[in-house]
Amino acid sequence: MCFPCCFTISTAEVGIIERCGKYNRLAQPGLGCIVCPYEQLVGKLSFRVQQLDVKVETKTLDNVFIVAVVSVQYQILRDSVFDAFYALTNPAQQITAHIYDVMRSQLPTLELDAVFEAKEDLALAVKNALTEVMSSYGYQILQALITDLDPDQRVKNAMNEINSSKRLKYAIAEKAEGDKILLVKGAEAEAESKYLSGVGVAKQRKAIIDGMRTSIAGFSEGVQGTSHKDIMDLLLLTQYFDTIQSVGGRKHCKTTFVPSSRGSGDDMRNSLIQAEAAK
């Protein structure tokens, strides 16, 4: 006894219909009908893009174990539905096996640092290997991505310590270089300051001598009957009082002791004359 059976196929899907256990036709999206019990809807396949995430644990060339996460995006070819349904029992398992094969043959040839730099090359190798194999089964490999590389936590801590030590060494070297520049510039500034101070003192002394010469000449011409000794006594006394005034005007000066003897000017003059004669 035969009777019709209705079914529906969603958009972006296709149904596989068998008659008496043999492939008969494909059912397109929408409402479909089969003759029961001779025909059966044995399965559905989706044309949507699917993603498979695979974790692979292996070691690198420098004997560091690392867990790599590979994400593969694949899709069924519309003109190869028959192969996609009947050729493979479990396509995800087939893809996983090939990912393991590629990753465990590539990673042991690279050191840990090189693995992070070669992510794109590893992903391309996985994609090429899967495309070559899965295309014959009706599957298209759209993209293969290495989304994570996770070495052991102790290895990551060691890598961070190495990086931190390198940066600290660089910072110390830069700080030492900066201190050196400050010392050199400070020494140069001090030398320049002393040079300019010496030039200023020399000019000051020259100006004092020129001024004294001019004063002596003018005093001799303006005041008749004065000797050179009288002029020198007057100049020394004037400088003496200027010095006392300068010392007394200092910010932290509280008391100034001034000799009170009348002959202090003569004593100072005599001392200067004796010092000059002793040279």
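Predicted model: local features only at pLDDT ≥ 70, side-chain atom pairs only at ≥ 80, totals over all residues.
The accessible surface of this protein comes to about 19,400 Å², and 56% of that area belongs to carbon and sulfur atoms. On the surface, Val42, Phe82 and Tyr86 form a nonpolar patch, with about 240 Å² of accessible area together. Val42 is part of strand E5, which covers residues 39-46.

Let me turn to the interior. Of the protein's 279 residues, 23% count as buried. In soluble globular proteins, nonpolar side chains tend to be buried together. Here, the largest nonpolar core has 34 residues, and the members that touch the most others are Ile95, Ile99, Met103 and Val126. Both strands and helices give two or more residues to this core; among them are strand E6 (50-59), strand E7 (65-76), helix H2 (91-106) and helix H4 (119-134). Strand E7 gives the most, with six residues.

Which residues does Ile99 touch, if we leave aside those up to four places away in sequence? They are Val54, Val56, Val70, Val72, Val126 and Leu130. There is also a second, separate core of six residues, including Phe7, Ala27, Ile34 and Cys36.

Finally, the overall organisation. The protein has seven helices and eight strands. Among its contacts with a separation of 6 or more, 64% are between residues 24 or more positions apart.

Methods:
Residues numbered from 1 in each chain as written. Heavy atoms only, no water. Core = buried A, V, L, I, M, F, W, Y, C linked by side-chain atoms within 4.5 Å. Buried < 20%, exposed > 50% of the residue type's maximum accessible area, 1.4 Å probe, protein only. Helix = DSSP H or I, 4+ residues; strand = E, 2+ residues; numbered from the N terminus. Contact = heavy atoms within 4.5 Å. Areas by Shrake-Rupley, 256 points an atom, 1.4 Å probe, with all protein chains shown as cover. Patch = residues over 30% accessible without salt bridge, like charges linked within 9 Å, V, L, I, M, F, W, Y side chains within 5 Å. Salt bridge = Lys/Arg side-chain N within 4 Å of Asp/Glu carboxyl O.
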